[in-house]
Amino acid sequence: MTTQVQFSTFNFKNLPVRVIADPNSELWFCGTDVCDILGYVNAPDALSKHCKEAGIAKRYISHSSGKKSVIFINEPNLYRLIIKSRKPEAEPFEAWVFEEVLPQIRKTGSYSLQPQQLALPEPEKKFTIELTEYELQQMAWLWFIALRANETFQVLHPALKAIGSHYAATVYDQAHEYRPSIRECHKIVSKMTAQFDYDRNSNWRVLEHIKGYNPRTKAFQLSVL
């Protein structure tokens, strides 16, 4: 990060998150802001313990008393802090960053609260639909396929990036931005299949993966932490 291209401040539940885009369009997040949201009392210590040095950079920003040195972290390090956080805000913060902020920045170059986000939400509609046991099994397996694909992309991305493959950016999106959706779908699939028991000799063997799923211990941790 030798040249500052874009400096913006977003707000998560009225808490500021300062973000910089470098010349390669890679986004860097203010380490202190992220640590405050995720409940880390000692930001420097958290950054030292949980972040990789290659994804940490110092920048000087304007301040009332002059220029101030601020530490920024890249997206992989942001994930590491989210994964290690025990604060309840970690999951909604992850969803906000990777489902709202990052996709909008990549599409438009900036992030802004949409008018419809300011309005009071309408009551959530509920639907009743009948599914056969076989159809429920297929829904469960579809979730499992998406999970395995996501984990595979997490492992592949560093290698593709290292060789300069043009697929690296697409694989990165598949590996990171869909994680919150997989987590939310898991809640739905778990609810839909709660009345069934694991059976290794039938399609319900998928329940082993559904019941054993833990969003904080996945291939991403094994491959990059």
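A residue counts as buried when its relative accessible area is under 20%, and in this predicted model Tyr 213, at 12% relative accessibility, is therefore buried. Trp 143 is buried by that cut-off too, because its relative accessible area is 5%.

These two residues also meet through their rings, whose centres lie 5.2 Å apart and whose planes stand at 90 degrees, so the pair is edge-to-face. The pair links distant parts of the chain, since Trp 143 belongs to helix H6 (residues 133-162), while Tyr 213 sits in the loop between helix H9 (207-212) and helix H10 (219-224), 70 residues apart.

The count of aromatic pairs comes to 7, and one of them joins Tyr 79 and Phe 98 in a stacked arrangement, with 4.3 Å from centre to centre and 25 degrees between the planes. Because Tyr 79 lies in helix H3 and Phe 98 in helix H4 (residues 90-108), this pair ties together parts that are 19 residues apart in sequence. Both Tyr 79 and Phe 98 are buried. Elsewhere, Phe 12, Phe 93 and Trp 96 form one aromatic cluster.

Helix H3, which spans residues 75-84, is mostly covered, with 8 of its 10 residues buried; among them are Leu 78, Arg 80 and Ile 82. At the start of H3, a side-chain oxygen of Asn 74 comes to within 3.1 Å of the backbone nitrogen of Asn 77.

Turning to open space, the second largest pocket holds about 460 Å³. It is lined by 10 residues, of which Lys 126, Phe 127, Ile 188, Lys 191 and Met 192 are the closest to its centre. The lining of this pocket is made up of 5 nonpolar and 5 charged residues, with no polar ones.

Key: Residues are numbered from 1 along each chain as its sequence is written. This is a predicted model: local features need pLDDT of at least 70, side-chain atom pairs count only at pLDDT 80 or more; totals for chains, interfaces and linings use all residues. Side-chain values use heavy atoms; hydrogens and water are left out. On a 1 Å grid over the protein atoms alone, a cavity is a set of points where a 1.4 Å probe fits but cannot get out, and a pocket is an open set with protein on both sides within 12 Å along at least five of seven lines; lining residues have an atom within 4 Å of a point. Grid points are joined across faces, edges and corners, and a volume is the space filled by probe spheres set on the points. Ala, Val, Leu, Ile, Met, Phe, Trp, Tyr, Cys and Pro count as nonpolar, Asp, Glu, Lys and Arg as charged, and the others, Gly among them, as polar. Buried means under 20% relative accessible area, exposed over 50%, partly exposed in between (1.4 Å probe, protein chains only). Helices (H or I, at least four residues) and strands (E, at least two) are DSSP runs, numbered from the N terminus. A polar contact is a pair of N or O atoms within 3.5 Å; within protein, one must be able to donate a hydrogen and the other to accept it, and residues adjacent in sequence count only if both atoms are side-chain atoms. Rings of Phe, Tyr and Trp (its six-membered ring) pair if their centres lie within 6.5 Å; planes under 30 degrees apart count as stacked, over 60 as edge-to-face and the rest as tilted.
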